Amino acid sequence: MRHYAIAIVAVFTSMVFLADAADKGNYPAPRFPSYLKPPKSIEDVMPFARAAVRQTGGRTPLGLVEKGTATLIVTEAQADPMVIQAIKRAFEERGVKVYMVGEHELLGIGRDDAVKAIRTTRGYTSEKGYMEAARWLNELFVDPEVPKKWLKDRRPDLYNAIYATTEQALQKERDIAKQFGGPNVAGGIIKFLDEHPDVKSVFWRRGGRPRTARLLKQHSAKFFGNFIFDNRYEVMNKASSFPGDVWRLAEERVLEAIPWTDRVEAFDPEGTNMHFEVTEDEAKVWASGAYNQGHLFLSPYQATGRFPFSVVDYPAIQKKWNAPIISRVNGVFAGTSNHAGNYPRIEVTVKDGYVADVKGGGTFGELWREFLKYPHINDLKYPYQDRPGYWWFYEAGLGTNPKFFKRPDELMEGNNQSERNNAGVIHWGFGGSVIHDPDKPEESKAWIDFPKQNGLPKDHWWHIHNTLVTYRLHVRGTKNTWMTVIDKGEMPAYKSPEIRALASRYGDPSEVLAEDWAPYLPGINAPGRYEDCAKDPWKTVSAMIKKIEDGSYEYFYPAVKKK
């Protein structure tokens, strides 16, 4: 055993993962990229578009599309036409045939009508982070009207908080907006693919790749990834040109640490503090399924219940199905943001893997506490689970690219998904999920039929983002040797000599690997009191947005010279 431990220490010392005790101070100072400028013409976008269609890493690996083939890119109605045209042109320069089709086109809706309907029925900013619950209700129940009626009868105040804006819109606009759910658009994509057999790859949506692939049914193998390069913030940043081989190597170094662990701990300055243990066999299975480009699965549950992605031939699927591993997680998850935006600080207590209590969180917390009591959500056993209930700790999604950042524009539209792509940011997700049945890598029929029959949700959701988290793995067979996978919101893998050497092929590794963004959290890494920010985080975020947009932000990187 002593030789075993020494071997592991030797391997991971070279990768700068080891830490006997994590330093809980000295968090990275805030940052926001200063080089982002609005394009004046398509020619300003083209250099970035050419890089984007060659990018092989992350959730939008357009570079995996081979010359001489055809690809389908499904765009949102609000996509920037100039950016979309630039991507199409760059692909065609590469010898790729591109079908650019809007979701609205697949649904037979005019673009102007679609944009108007979406904006009218949403009509909120990320100040209303509790609107994440609306997406859960509208998209993750087979019949959303059942939980909506239950909520309206019990808590009309919470129902109105979510649906008042939508119900004030014209019926025509409400009907149009309702069509943009995943299954409806997926039906249009499936029809398109049936009619265009030359298409070998598909890119669609901004997240939820396993779920999105399942929606395409018999065409799921053609799903290569999401499509996020539809706006200037995403395509004209340095993530699109970040070296794919460097990106993948950093992800592989994280994966290599997982099989050696027997205990996981995570903590952050907003109050998250959790742990769980895994057996040697569980660690091996977890490691085999943890790969998802740009979004590593640092939770055994999320890495299982599926045919995993291939590490060597992504986005191909491995042939072995992994049964779900529900870890007995214990601790607290705390934060002030999710996929929709912000909310007052929330604390979610998990005991033996299951949500036991929710404190704070404003309206988001009120909604969560209410749905902890939803009929049969705690007493019925979903397929493939050994214990009843829905509210399991499921997701620990790790962003892996140091160039992504929190987009100001999406925050004004009630979205907060971009920050989760940044290297070292974790988004925790709650609620059970199984992706595939054991017989084939398509949407699990058992997992859909059961919620349909019982009026229950069919997938995880309910998120908490931690942007300065530390996540570490204890080395099995040692007394106190840890591999630190995330250190205060950054990935130590990017500081390893091996990855710096590879990055030096593309320029100064300090610049190539530099974090272009870090969060602004008063009392933690910025002036002010965290207690004040925690009560009303949107006040802090909106003030930051204003400074970024008028050019007065104190933390631009590289620093901007004052005139």
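We'll take the sheet, then salt bridges, then a hairpin and a loop residue.

Mentor: Ground rules: this is a predicted model, where local features need pLDDT of at least 70 and side-chain atom pairs count only at pLDDT 80 or more, while totals for chains, interfaces and linings use all residues. Residues are numbered from 1 along each chain as its sequence is written, and side-chain values use heavy atoms, with hydrogens and water left out.

Trainee: In what order do the strands of the open sheet run?
Mentor: Strands (E, at least two residues) and helices (H or I, at least four) are DSSP runs, numbered from the N terminus; two strands pair if DSSP finds at least two bridges between them. Here four strands pair in parallel, in the order β4-β3-β5-β6. β4 (97–102) and β6 (223–225) are the edges, each with a single partner strand, so one side of each has no neighbour in the sheet. From one strand to the next, the twist averages 30°. Between β3 and β5 (residues 199–203) there are four bridges, and Leu72 stands opposite Val202 in β5.

Trainee: Which strands does helix α3 touch?
Mentor: Contact means heavy atoms within 4.5 Å. Angles run from 0 to 180 degrees between N-to-C directions, with axes as lines fitted to C-alpha atoms, for helices over the stretch in contact. Helix α3 (residues 81–93) touches β3 and β4, at about 160° to β4.

Trainee: How many salt bridges are there?
Mentor: The rule wants a side-chain nitrogen of Lys or Arg within 4 Å of a carboxyl oxygen of Asp or Glu, and the count is 38. One of them joins Asp459 to Arg211, at 2.7 Å from N to O. That pair links parts of the chain 248 residues apart, with Arg211 in helix α11 (residues 209–215).

Trainee: Is Asp459 buried or exposed?
Mentor: Buried means under 20% relative accessible area, exposed over 50%, partly exposed in between (1.4 Å probe, protein chains only). Asp459 has 3%, so it's buried, and Arg211 at 15% counts as buried too.

Trainee: What about the hairpin of β18 and β19?
Mentor: Six residues separate the two strands, and Gly477 in the turn has a positive phi of about 85°.
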